[in-house]
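Below are some notes for a colleague who wants to look over the contact between the chains and the charged pairs around it. Please read them with the structure open.

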Amino acid sequence: MKPFAPEEKAAQPPSLFPDFRSSVTRAPASAPLKIPQTLTETTGPAGNGIWERLMGGNATDLTKQYKGEPLGERIIVSGRVLDENTRPVPNTMVELVQANPSGRYAHNYDQHDAPLDPNFTGVGRCITDAEGRYRFITLKPAAYPWANGPNTWRPAHIHFSIAGPAFATRLVTQMYFPGDPLFPLDAIACAVPEWARDRIVCRFDLETTMPYWALSYLFDFVLRGRDATPMEN
Amino acid sequence: MAGQTPWQTTGPFFHFGFCWKGGADLTGDSALGSRPDLTAPGHDVLAEPGTTNRRLVKGERIEIVGQMFDNTGAPFTDALIEIWQANAAGRYACPEDNRAEIPLDENFIGFGRAATDKQGAYRFRTIRPGRVPGPGNTLQAPHIAFGLVGPGILKRLLTRIYFADAPENDEDPILALVPAARRSSLIATREPGAADIYRFDIRLGGPQETVLFDI
Ligand SMILES: [Fe+3]
């Protein structure tokens, strides 16, 4: 059994990033304690069929969850879940949560003065195939205001949750769109060091854009890979 | 080599997507874990549970209840807590755990999710896990891995819970790495008058701060 390679800490946001105001009271006061990875950390809900048993099946077309057609710019978001050695991660769950094309979440706490669409919720699930591929059809989310400052707006983004092969490889992140003028102003995106920030921006792709139907954006998730040296047990 | 994707916060609006029906009930068929109270009316599209027959799970039924607090001691009202544990026999439902001599439980996966409420409270229904190996030739005490995310948390926080009435805690190789004065922050205690309910509060600061792990 091999442990997972160390986290690439330099590319990760710090726990405490004062520009992101809610991190001030929600970052832990003390640093975490380093422990060796045991079977608890090197395992996770993984394997053929496990996610279907746990949560139910795929929901990859967010424009077909209701009888009517939702309003907004249809897009395709696809890519692969890989480890850092570019090996595919098959049979893992990719979950998606997003605002609608008016910038509103189907969530009761969302107070933004923008309409909900009865034909769009903004949730999806896709279990990766043997090559680690996932693919969603959705609508492009809009920017929305948030109370981080007097006039602060989140750039358009999609929240993703990726399980990966083990508890150690779990990833929750946000994917942004290229060329967004709000991106360099965003306190959450800017918690990632500038040199690594393009890793959370998707790429427009004409090749997979479907003529007369939908623009395509590509985004790969890269998880921790296996360490080269076996664990001591 | 490709660079690892950086973490980002969940934000406050994840409940209608990341909380699934039964996600916090690993041993029954209740809807515990979903948050219809936070989902805009008519938008509960991912309500269908999986096909695991959770009522047939083997093992000692327990509940884990607790409250989560931020570093000022205020309730953490919108955290998402994930758990991962072995089955009652001490086997993980993962191909990586290939110890065929220990049985899998076809009805138990061992992964769950619960969101905290306005009091910072959460609740899981699960079973007491068996022991699993640790580094070298050690055996770990029964424990459950906890992952914590939520608004204001940029990158997942990790901890573990152990059980106050487990004599195996004294020989646990991971607890042994924790300074003695802080070990109690990882130990769930039985609720008075309820034999099957354990309390595990999570504090991100203060004198009782929960020990977090870097793996
Ligand atoms: Fe958001």
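1. Is A:Arg87 buried, exposed or partly exposed? In this model, which is predicted, A:Arg87 has a relative accessible area of 47% and is therefore partly exposed. The residue forms a salt bridge with A:Asp83, and the closest N and O atoms of the two are 3.9 Å apart. A:Asp83, on the other hand, has a relative accessible area of 9%, so this residue counts as buried.

2. Turning to the contact between the chains, 98 residues of chain A and 85 residues of chain B take part in the contact. Between them, chain A and chain B bury about 8000 Å², and carbon and sulfur atoms account for 60% of this area. Of the area that chain A buries against chain B, 11% is supplied by A:Arg26, A:Arg53 and A:Phe167, which is more than any other three residues supply.

3. The polar side of this contact can be counted as well: there are 50 residue pairs in polar contact between chain A and chain B, with both residues at pLDDT 80 or more. Helix H3 of chain A, residues 50-55, contributes six residues to the side of chain A that touches chain B, and this is the largest share. By residue class, that side of chain A divides into 50 nonpolar, 28 polar and 20 charged residues.

4. With a relative accessibility of 46%, A:Lys9 counts as partly exposed, whereas B:Asp214, with a relative accessible area of 13%, is buried.

5. A further salt bridge is made by the side chains of A:Glu7 and B:Lys155, at 3.3 Å from N to O. A:Glu7 lies in the segment before helix H1 (23-26) of chain A, while B:Lys155 is in the loop between strand S5 (143-149) and strand S6 (157-163) of chain B, so the pair joins two chains. B:Lys155 counts as buried, because its relative accessibility is 17% and the cut-off for buried is under 20%.

6. For the overall tally, the count of salt bridges over all chains comes to 25, and the count between chain A and chain B is seven. One of the salt bridges joins A:Arg170 to B:Glu82, with the closest N and O atoms 2.5 Å apart. A:Arg170 and B:Glu82 also belong, with A:Glu95 and B:Arg113, to one network joined by salt bridges that share partners.

7. A last point concerns A:Asp61, which is found in the loop between H3 and strand S2 (74-83) of chain A. The side chain of A:Asp61 is joined to that of A:Thr63 by a polar contact of 2.6 Å. A:Asp61 and A:Gly124 are 63 residues apart in sequence, and their C-alpha atoms are 7.4 Å apart in space.

Notes:
Residues are numbered from 1 along each chain as its sequence is written. Chains are lettered from A and ligands numbered from 1 in the order in which they are written. This is a predicted model: local features need pLDDT of at least 70, side-chain atom pairs count only at pLDDT 80 or more; totals for chains, interfaces and linings use all residues. Side-chain values use heavy atoms; hydrogens and water are left out. Contact means heavy atoms within 4.5 Å. Buried area is the accessible area (1.4 Å probe) that two parts lose on being put together, summed over both. A salt bridge is a side-chain nitrogen of Lys or Arg within 4 Å of a carboxyl oxygen of Asp or Glu. A polar contact is a pair of N or O atoms within 3.5 Å; within protein, one must be able to donate a hydrogen and the other to accept it, and residues adjacent in sequence count only if both atoms are side-chain atoms. Helices (H or I, at least four residues) and strands (E, at least two) are DSSP runs, numbered from the N terminus. Ala, Val, Leu, Ile, Met, Phe, Trp, Tyr, Cys and Pro count as nonpolar, Asp, Glu, Lys and Arg as charged, and the others, Gly among them, as polar. Buried means under 20% relative accessible area, exposed over 50%, partly exposed in between (1.4 Å probe, protein chains only).
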